[in-house]
Amino acid sequence: MSNFREVNDDILRDWLSFREETIFGRLTKEDKKHHIYFDEICENILKNIPKQNQKFVKKQLDKLDKNYMDYLCYWNEKYYRNGFCDGVNLLIGCIE
């Protein structure tokens, strides 16, 4: 039996990707209140800085966005993977 806590390309990762793709299509009013509108925030920042600095600031904002998304994906996967593994361990413990 493989170690489910290892992060590989597997069915759990596929499920997380599927969930990420479909969840954004079904945001409720409450979800939308807590959504991070990063593009709008970037536009507002870029509108309020001098023209000569916009290219640099845009590059830094893009890095921030990528870094933040990587962070969220990592913790989301870790949370769900560990929850799944804990559930499997509970079931195995009940069977034994």
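Me: Which helix supplies the largest share of the nonpolar patch?

Reply: A friendly note before we start: this is a predicted model, in which local features need pLDDT of at least 70 and side-chain atom pairs count only at pLDDT 80 or more, while totals for chains, interfaces and linings use all residues. The patch is made by Ile-36, Ile-41, Ile-45, Tyr-68, Met-69, Tyr-71, Leu-72, Tyr-74 and Trp-75 (patches take residues with over 30% relative accessible area and no salt bridge, joining like charges within 9 Å and nonpolar side chains, namely Val, Leu, Ile, Met, Phe, Trp and Tyr, within 5 Å). Two helices, α3 (38-47) and α4 (51-95), each supply at least two of its residues. The largest share, 6 residues, comes from α4.

Me: How much area does that nonpolar surface patch cover?

Reply: Accessible areas come from the Shrake-Rupley method with a 1.4 Å probe, and for residues only the protein chains shown count as cover. The protein as a whole exposes about 8,500 Å², with carbon and sulfur atoms supplying 58% of it. The nonpolar patch comes to about 840 Å².

Me: Is Met-69 buried, partly exposed or exposed?

Reply: Met-69 is found in helix α4 and is one of the residues in the nonpolar patch. Buried means under 20% relative accessible area and exposed means over 50%, with partly exposed in between (1.4 Å probe, protein chains only). Because its relative accessibility is 34%, Met-69 counts as partly exposed.

Me: What percentage of the residues of the protein count as buried?

Reply: In general, nonpolar side chains in soluble globular proteins tend to be buried together. Here, Phe-38, Cys-42, Leu-46, Val-57 and Leu-61 make up the largest nonpolar core (a set of buried Ala, Val, Leu, Ile, Met, Phe, Trp, Tyr and Cys residues joined through side-chain atoms within 4.5 Å). The elements giving two or more residues to this core are α3 and α4, with α3 giving the most, 3 residues. Of the 96 residues of the protein, the buried fraction is 11%.

Me: Against which helix do the buried residues of α3 pack?

Reply: Phe-38, Cys-42 and Leu-46 are buried in α3. They lie on the same side of α3 because they cover an arc of only 65° around the axis, the arc being that of the directions from the helix axis to the C-beta atoms. On the other side, Glu-43 and Lys-47 are exposed. The buried residues of α3 pack against α4.

Me: Which residues is Leu-61 in contact with, leaving aside its neighbours within four places in sequence?

Reply: A contact means heavy atoms within 4.5 Å. Leu-61 belongs to the largest nonpolar core. With those neighbours set aside, Leu-61 touches Phe-38, Cys-42, Ile-45 and Leu-46.

Me: How many salt bridges does the structure hold?

Reply: A salt bridge places a side-chain nitrogen of Lys or Arg within 4 Å of a carboxyl oxygen of Asp or Glu. Lys-33 pairs with Glu-30 at 3.2 Å, and Asp-62 meets Lys-58 at 3.3 Å. Asp-70 forms one with Lys-66, their closest N and O atoms being 3.0 Å apart. In total, the number of salt bridges is 3.

Me: Why are Asp-62 and Lys-58 separated by about one helical turn?

Reply: Asp-62 is partly exposed at 41% relative accessible area, and Lys-58 is partly exposed at 39%. Both residues lie in helix α4. They are separated by about one helical turn because their spacing in that helix is 4 residues.

Me: How far apart in space are Cys-73 and Leu-16, C-alpha to C-alpha?

Reply: Cys-73 lies in helix α4 and is partly exposed, with a relative accessible area of 34%. In sequence, Cys-73 and Leu-16 are 57 residues apart. In space, their C-alpha to C-alpha distance is 9.2 Å.

How values were computed: Residues numbered from 1 in each chain as written. Heavy atoms only, no water.
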